[in-house]
Amino acid sequence: PIFARAGHQVMYSGRDEANAKAQAARVQGTRAGSVDEAIAFGEVLLVAIPFGAWPSFSKEHGAAMKGKIVIDPTNPNPARDGELAKIVLTKPSTGEYVAEFLPGAKLIRAFNTTSYASFAKEAGRPGEKMGIPVAASDAATLALGVRLVNDLGFDAVPVGGGLHGSAKFELRGPAAGVKTAAELKAIMG
């Protein structure tokens, strides 16, 4: 709903198409479609899946994702995602690892530092806005990610170093949780 409230065209999709239709029915001005329809529809795709689903998602939809801009908010959870989560936790950054599943896509790593409920509550809050760290696969994609985060009523904090920079804001690290941009900049350096 945050993207729709900010004036962006939104299509919901998922393996459970009935759930996607129900979500679209709750959010005025949105629609639902299959995953393939959503990939074709979106200029920017937010892929919110359990981390352990990346291999199957990539196998099924990876070719269609080439050239697309993808926002990745996913986080590994060993209890839920098993061996894949254990592997990614040994890698330099989650963003770089996710990029391996989406060859040819332009990746934005953001919205992974707290729960969706917190983002929904904090979007456009009065006073000092919630800071959102953003890393991306290249400078142009980073600029787009920053613009989108700001459009949604947050204060984007661009993180340099490509997707490797996303290591500075992993879910279980010091940048996790609801923070202001100033707090994030102090934590991440």
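**Entry on α7.** I am working from a predicted model, and I began with helix α7, which spans residues 94-101. I listed its buried residues and found Thr94, Gly95, Tyr97, Val98 and Phe101. I then looked up how they are placed around the axis: they cover an arc of only 160°, which puts them on the same side of α7. Next I asked what covers these buried residues, and I noted that the cover includes α4 (54-65), β4 (69-72), α6 (83-88) and β5 (106-109).

**Entry on β6.** I turned to strand β6, residues 131-136, where 6 of the 6 residues are buried, so the strand is largely enclosed by the rest of the structure.

**Entry on the partners of β6.** I followed the pairing of β6 to β5, and recorded that the two strands pair in the antiparallel sense over 2 bridges, with Ile108 standing opposite Ala136 in β6. I then looked up strand β7, residues 155-158, which runs parallel to β6 and is joined to it by 4 bridges; here Gly131 has Asp155 in β7 as its bridge partner. Tracing the chain from β6, I passed through helix α9 (residues 139-151) to reach β7, and I noted this β-α-β crossover as right-handed.

Definitions and conventions
Residues numbered from 1 in each chain as written. Predicted model: local features only at pLDDT ≥ 70, side-chain atom pairs only at ≥ 80, totals over all residues. Heavy atoms only, no water. Buried < 20%, exposed > 50% of the residue type's maximum accessible area, 1.4 Å probe, protein only. Arc of directions from axis to C-beta. Contact = heavy atoms within 4.5 Å. Pairing = 2+ DSSP bridges. Right-handed = clockwise from strand over helix to strand, strands pointing away.
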